[in-house]
Amino acid sequence: MSGFSAEWLALREPVDGASRNPEIAARVRQYFNSRSSLTVVDLGCGTGSNLRALSPSLPPGQRWHLIDGDRDLLLAARQCLTDWADRARPSGSGLALEKDGRRIEVRFECANLTVRSLDFGADGADLVTAAALFDLVSRAWLKRLMAALAGRRVPLYGVLSYDGVADWQPASPIDTAVTAAFNRHQRGDKGFGPALGPAAGPTLMRLAPRHGYAAWAGDSPWRLTHENASLIAALANGMAAAAGEIEPARQAAFTAWAEAQATAEAVTIGHQDVFAHP
Ligand SMILES: C[S@@+](CC[C@H](N)C(=O)[O-])C[C@H]1O[C@@H](n2cnc3c(N)ncnc32)[C@H](O)[C@@H]1O
């Protein structure tokens, strides 16, 4: 168990998919355009939503190596990918999928990324990607990842890193206080050391050129409306709980805020996507 439930990840998957920055996604597609196949490593894969969102932009032959520390989420990933594919069959301990004319071999690995080797190029990775992960990691870990990738000239595509922006409509007088406390919580240790939180995207943009990489960033905000009522409610409760851990004295005010904002008409949550290649 990682604290990220399959239900929460399912709630955010359609919004995540629609929020990805199209210019950055186009750069990734173009970069691999001339290839007929490639190997992708997905860090903190959860139930596999990054594969489902990214695979249509990549060449027809794909080998995906999905890594997560949560066994239950990996089991859910196996099921979600089987349901998503046009055809799916077990292949060794993984899956062989067919989807829209693409052949996608999937390998699952349960591993703690804080201690596992980050030399994914040694296993033949042509691309390392991660969705909604880099805001959880520390600067030291991201530096280690960049150095390992640069050693073998492997490109990196990180999507949907929270950037610290939360805008609620209608506004509440304590939105700013909740966001400030939530953002402090985001910088707490999520297992990798002090988390980058909202600094993840800018940190990656600073680290990449130091390793001779060209890097592009683009915004990928969630723009939630009444169609995303369940996600808005879950978000309000989650933000209030995190904010309350930082400022216990204001827990009651934050809980009242969550009750009111659970039915907000519109919410924008800022994210950033980054693509970096040698
Ligand atoms: C916010 S979720 C994102 C999941 C998925 N990428 C998505 O976009 O739906 C973060 C994921 O990172 C995984 N994770 C967090 N810390 C980890 C660690 N130290 N080692 C491996 N996986 C980890 C969690 O289990 C979870 O699946």
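Predicted model: local features only at pLDDT ≥ 70, side-chain atom pairs only at ≥ 80, totals over all residues.

Student: OK, where does the ligand sit?

Tutor: The ligand is in the largest pocket.

Student: How many residues surround the ligand, and which are the closest?

Tutor: There are 20 residues around the ligand, and the closest are Gly44, Asp68, Asn112, Leu113 and Ala131.

Student: Take Asp68, then. How many Å is the Asp68 side chain from an oxygen atom of the ligand?

Tutor: An N or O atom in the Asp68 side chain is 2.6 Å from an oxygen atom of the ligand.

Student: And which part of Leu113 lies 2.9 Å from a nitrogen atom of the ligand, backbone or side chain?

Tutor: For Leu113 it's the backbone: an N or O atom there lies 2.9 Å from a ligand nitrogen. Ala131 also uses a polar backbone atom, 2.9 Å from a nitrogen atom of the ligand.

Student: How much of the ligand's accessible area does the protein cover?

Tutor: On its own the ligand has 590 Å² of accessible area, and the protein covers 94% of that.

Student: New topic. Where is Ser19, and is it buried or exposed?

Tutor: Ser19 is in helix α1, which runs over residues 6-19. Ser19 counts as buried because its relative accessibility is 9%, and the cut-off for buried is under 20%.

Student: What is Ser19 in contact with, apart from its neighbours within four places in sequence?

Tutor: Setting those neighbours aside, Ser19 is in contact with Leu160, Asp219, Ser220, Pro221 and Trp222.

Student: What about Gly17? Which helix is that in?

Tutor: Gly17 is in helix α1 too. Gly17 has 38% relative accessibility, so it counts as partly exposed.

Student: Last one, Glu105. Which strand is it in?

Tutor: Glu105 is in strand β5, residues 102-110. With a relative accessible area of 48%, Glu105 is partly exposed.

Student: Which residues does Glu105 contact, beyond its neighbours within four places in sequence?

Tutor: Leaving those neighbours out, Glu105 is in contact with Gln62, Arg63, Trp64 and Leu95.

Student: And how far apart are Glu105 and Ile174?

Tutor: In sequence they are 69 residues apart, and in space 48 Å, C-alpha to C-alpha.

Key: Residues numbered from 1 in each chain as written. Heavy atoms only, no water. Helix = DSSP H or I, 4+ residues; strand = E, 2+ residues; numbered from the N terminus. Buried < 20%, exposed > 50% of the residue type's maximum accessible area, 1.4 Å probe, protein only. Contact = heavy atoms within 4.5 Å. Near = heavy atom within 4 Å. Polar contact = N/O pair within 3.5 Å; in protein donor to acceptor, adjacent residues only side chain to side chain. Areas by Shrake-Rupley, 256 points an atom, 1.4 Å probe, with all protein chains shown as cover. 1 Å grid on protein atoms, 1.4 Å probe; cavity = no way out; pocket = protein on both sides within 12 Å on 5 of 7 lines; lining within 4 Å. Sits in = over half its atoms within 2 Å of the grid points.
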